[in-house]
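Hi,

Here is the structure I said I would pass on.

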Amino acid sequence: MYILSFESSCDETSVAVTKDGKYVLSNEVLSQIDIFKEYGGVVPEISSREHVKGITYAYLSALKNANLTMDDIDYVAVTEGPGLIGSLLTGINAAKIVALNYNKPLVGVNHLSGHIYAAMIEHDVLFPCLALVISGGHTELVVMKNHYDFNRIGSTKDDAVGEVFDKVARIIGIPYPGGPLLDKIGKEGEPLYNLPRPVLHSNDYSFSFSGLKSATLNLVENLEKTNTKYEIKDIARSFEEAVVEVLLEKTKKAVKEFGIKEVVVVGGSAANSVIRKTLTEGIKDAIITFPAMKYCGDNAAMIGISAYYKIKKGEIDDISLSPKSRLDL
Ligand code: KG4
Ligand code: ZN
């Protein structure tokens with residue numbers, strides 16, 4: 001089964017061709033990061049317009065790189081939400097035009113399920129599986145007893161992991177894109193500062209990161225006020241240690257309670273080196289899998305892989321598909 005998939009929920013315009021829910025034949029990703037450097041973050045209106053500019057090129061290039069034509073494609077898939085409405089709309093409209101023009105069935109995919117299925121590219125997962133989704137907009141723990149069967153057991157009460165990386169980066173003067181640069185700088189640093197680990201010992205699977213963000217801000221302000229010498233690499237590293245300890249503890253707790261055989265850690269922040277190392281070393285009772293680095297951030301390949309399992313469940317959409325800024329798994 002060949003699926004042509006579109007992703008445009010935030011600041012990447014991406015089109016891919018995937019095969020049998022496992023193999024990526026092509027995955028064109030046009031990032032808007034360079035455009036948003038001067039703004040220090042994503043500007044939704046500009047993002048929508050950039051998607052319009054790039055989507056036709058991405059579509060033609062994805063087909064060409066896969067060495068296929070629309071005759072070979074069985075389904076057209078697209079991210080339906082959650083995400084920025086204007087950005088989602090461009091991907092959805094493009095997918096509808098292609099589906100109508102070539103008479104192919106249309107499948108809407110939840111962006112978070114896409115991130116989860118990034119871990120299943122060329123990989124057969126074991127069930128029950130636990131997905132730790134850590135992206136710019138979401139932080140969720142999801143138990144899957146089978147394919148396309150999502151049971152969310154916890155999420156963040158405030159900031160998402162990627163979001164708090166971006167905000168703390170700004171506090172310590174690291175330019176946009178904060179997350180990846182903070183990761184790079186933190187590698188050279190030491191965890192010298194003891195920052196809070198919010199909800200570390202709560203009985204549930206909820207997360208909270210806004211207190212950690214405020215504590216980091218207070219720390220920097222105090223160091224400045226008292227003219228104490230500090231290096232941002234040490235603050236970056238201390239912050240990362242606090243985030244990862246909470247992620248590890250909650251993941252370990254869920255592995256035990258739900259008899260998890262495999263943990264998949266996905267989403268933009270799954271690219272983080274401290275998170276990858278600490279979770280790999282700390283999870284002993286289950287296999288731990290991260291997507292390849294190129295599939296951690298937003299991409300259309302993960303949407304195609306996820307669509308395959310939605311189709312297998314018999315769930316197909318139609319031309320009435322509309323973008324949703326909020327959409328639960
Ligand atoms: O999944 P994603 O590409 O978009 C959303 O669905 O939100 O995630 C983007 C987020 C950003 O907040 C970015 O700072 C974060 O992922 N991120 C990282 C790293 N690379 C990207 N966070 C920590 N360490 C990284 N290396
Ligand atoms: Zn994403």
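Let me start in helix H10, which is where tyrosine 309 lies. One thing to keep in mind throughout is that this is a predicted model.

Is tyrosine 309 buried or exposed? Its relative accessible area is 16%, and the cut-off for buried is under 20%, so tyrosine 309 counts as buried. If you skip the neighbours within four places in sequence, the residues in contact with tyrosine 309 are Gly21, Tyr117, His147 and Tyr148. Aspartate 158 is another matter: it sits 151 residues from tyrosine 309 along the chain, and 31 Å separates their C-alpha atoms.

**The zinc ion**

Which residues hold the zinc ion (ligand 2)? The coordinating atoms come from His111 (NE2), His115 (NE2) and Asp298 (OD), at 2.0 to 2.1 Å. Written as a sequence pattern, the donor residues are spaced H-x3-H-x182-D. That brings together distant parts of the chain: histidine 115 belongs to helix H4 (residues 111-118), while aspartate 298 is in the loop between S10 and helix H10 (300-312), and the two are 183 residues apart. Both histidine 115 and aspartate 298 are buried.

**Ligand 1**

Ligand 1 has 19 residues around it, and the closest are His115, Gly136, Asp166, Asp183 and Ser269. So what do the polar contacts look like? Here are three of them:

- Glycine 136 has a polar backbone atom 2.7 Å from an oxygen atom of ligand 1.
- Serine 269 uses its side chain, with a polar atom 3.0 Å from a nitrogen atom of ligand 1.
- Aspartate 298 has a polar backbone atom 3.2 Å from an oxygen atom of ligand 1.

Two names come back here from the zinc ion (ligand 2): His115 and Asp298 are both among its coordinating residues.

**The sheet**

There is also an open sheet to look at, made of five strands in the order S8-S7-S6-S9-S10, with mixed pairing. At its edges are strand S8 (151-155) and strand S10 (287-289), each of which pairs on one side only. From one strand to the next, the twist averages 20 degrees.

Further in, strand S6 (residues 129-134) runs parallel to strand S9 (residues 262-266), and five bridges pair them.

Cheers

Notes. Residues numbered from 1 in each chain as written. Chains lettered and ligands numbered in written order. Predicted model: local features only at pLDDT ≥ 70, side-chain atom pairs only at ≥ 80, totals over all residues. Heavy atoms only, no water. Pairing = 2+ DSSP bridges. Helix = DSSP H or I, 4+ residues; strand = E, 2+ residues; numbered from the N terminus. Axes fitted to C-alpha atoms, helices over the stretch in contact; angles between N-to-C directions. Donors = N, O, S within 2.8 Å, 3.2 Å for Na, K, Ca; no water. Buried < 20%, exposed > 50% of the residue type's maximum accessible area, 1.4 Å probe, protein only. Contact = heavy atoms within 4.5 Å. Near = heavy atom within 4 Å. Polar contact = N/O pair within 3.5 Å; in protein donor to acceptor, adjacent residues only side chain to side chain.
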